[in-house]
Amino acid sequence: MIIRNVRITGGEPADIRVTDGMITEIGPGLAGAESVDGAGAIALPGLVDLHTHLREPGREDAETVRSGTQSAARGGYTAVHAMANTSPVADTAGVVEQVWRLGREFAHCDVHPVGAVTVRLEGRQLAELGAMADSAARVRVFSDDGKCVDDAVLMRRALEYVKAFDGVVAQHAQEPRLTAGAQMNEGVVSGRLGLTGWPAVAEEAIIARDCLLAAHVGSRLHVCHVSTAGSVEIIRWAKSKGWNITAEVTPHHLLLTDDLVEESPVGAYNPIYKVNPPLRTRADVEALRAALADGTIDVVATDHAPHPVEDKETEWSAAAMGMVGLETALSVVQQAMVETGLLDWAGVAQRMSVVPARIGRLAGQGQALEAGAPANITLYDPSVRIEVDPSAFASKSRNTPFEGMTLPGRVVATFLRGRPTVLEGKLV
Ligand SMILES: [Zn+2]
């Protein structure tokens, strides 16, 4: 099969020959009958998400492995890491293998389970990290995401333990006592609205501590969903020491601010903007964009967090925290990073495919599009502008803060080892 007339990471038009799931030739005017017309779209290596909540097992009303990976494919993803805060929690070899098997059976992209750091995410006792690493799921990323591993001794032990199999601990940095009852970013808006504030220091203190711990034991640390300018400063300092630290930012933290909680198109206190970590200030957004551009923040990760309507469309204080993100991620990154001149398409490919695959230690993903690489390919048309319509999502959930916004770009096609999962914007 030949994928015709695409621009590899935004370069000159070329054709891609795919044979048995691999890219075998790239060049202009390749000969061959069976072909897909790329129509000048940008070709990126299939996107890789380090932070997806697929909700299965336990909350299949919000999302399943099938629907979540359909959502991923529509967003241009060929691999996702499935977070461990399911029910039961993915804290044993048995549960991570169950998720891995569901992925093999039903998924529209590769599914790599994340293992919990502590038993039941309770922060009291280390989970079976080695057994999960040795299981069929071959877990390399461990996280209590949704909760912070706030016990410094447990965090140290986890960092030490994962060294044996080149794993990484992905920390949800949230000091629990500083954020008890917190509802939104602590600042002038939370003051005016009378909502309990979520101070930046609650994130920054944990990140600083964990960078020091990772350096002390010589291990790998990954910082989930960085949301403040101060966190960026700490990570920049830790990296300048040569420590083995990586970090991610979500699309929504690159575009939205806490002002929306007060002044959105549909009025104040709309729980669609309730998320953990919270939306921050314009100055934080600017610092996050600069950090993603200069490499202080390594990757974009969606933190795709589906919730059913009844958990979101309720009063602010009772509403669940989180936003879906897989189907809008690339468009938001185009708006926040490409159209502002901060990143080119090669830079987007690094931050949404190559580097996340490297952090997750995925062998068959995140490879540059060249002969000999697996044919994991996303075709993207950046020239259109489309109003976000959640009813068109493949996700079972609709909790997007971008509803009604006009965003640039559209995923035209996604190929997983040469097999189309999306063509002409539609699931195959
Ligand atoms: Zn989290």
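The radius of gyration is taken here over C-alpha atoms, and the globule rule is 2.2 Å times the number of residues to the power 0.38. For the 428 residues of the protein chain, a compact globule would have a radius of gyration near 22 Å; the chain has 20 Å, which agrees. This is a predicted model, in which local features need pLDDT of at least 70 and side-chain atom pairs count only at pLDDT 80 or more, while totals for chains, interfaces and linings use all residues. Residues are numbered from 1 along each chain as its sequence is written.

**The whole chain**

Select all C-alpha atoms. Their trace spans about 65 × 50 × 45 Å along the principal axes of the protein chain. Colour next by secondary structure: the protein chain contains 13 helices and 19 strands. Helices (H or I, at least four residues) and strands (E, at least two) are DSSP runs, numbered from the N terminus. Of the 428 residues, 56% count as buried. A residue is buried if 20 or more other C-beta atoms, placed from the backbone, lie within 10 Å of its own, exposed if 12 or fewer, and partly exposed in between. Two residues are in contact, or touch, if their C-beta atoms, placed from the backbone, lie within 7 Å. Among contacts between residues at least 6 apart in sequence, 75% join residues at least 24 apart.

**Helix H1**

Select residues 65-74. Nine of the 10 residues of this helix, H1, are buried, so H1 is largely enclosed by the rest of the structure. Among the buried residues are Val65, Gln70 and Arg74.

**The parallel sheet**

Now select E9, E10, E13, E14 and E15. In that order, these five strands form an open sheet with parallel pairing; strands pair if DSSP finds at least two bridges between them. Strand E9 (141-142) and E15 are the edge strands, each pairing on one side only. Two bridges join E9 to the parallel strand E10 (residues 168-171); Val141 has Val168 as its bridge partner in E10.

**Annotated positions**

Which residue does the UniProt annotation "active site" cover? The unreviewed entry places it on Asp303; such annotations may be inferred rather than shown by experiment. Asp303 is in the loop between strand E15 (299-300) and helix H11 (309-312). It is buried, with 28 other C-beta atoms within 10 Å. Show His51, His225, Thr250 and Gly325, which Asp303 touches when residues up to four places away in sequence are not counted.

The "binding site" annotation of the unreviewed UniProt entry includes Asn85 and His307. Asn85 lies in the loop between strand E7 (77-82) and helix H2 (93-106), and is buried, with 23 C-beta neighbours inside 10 Å. His307 is in the loop between E15 and H11, and is buried, with 26 other C-beta atoms within 10 Å.

**An exposed loop residue**

Finally, select Thr340, in the loop between helix H12 (329-338) and helix H13 (345-359). With 12 C-beta neighbours inside 10 Å, Thr340 counts as exposed. Thr340 and Arg289 are 51 residues apart in sequence and 9.7 Å apart in space, C-alpha to C-alpha.
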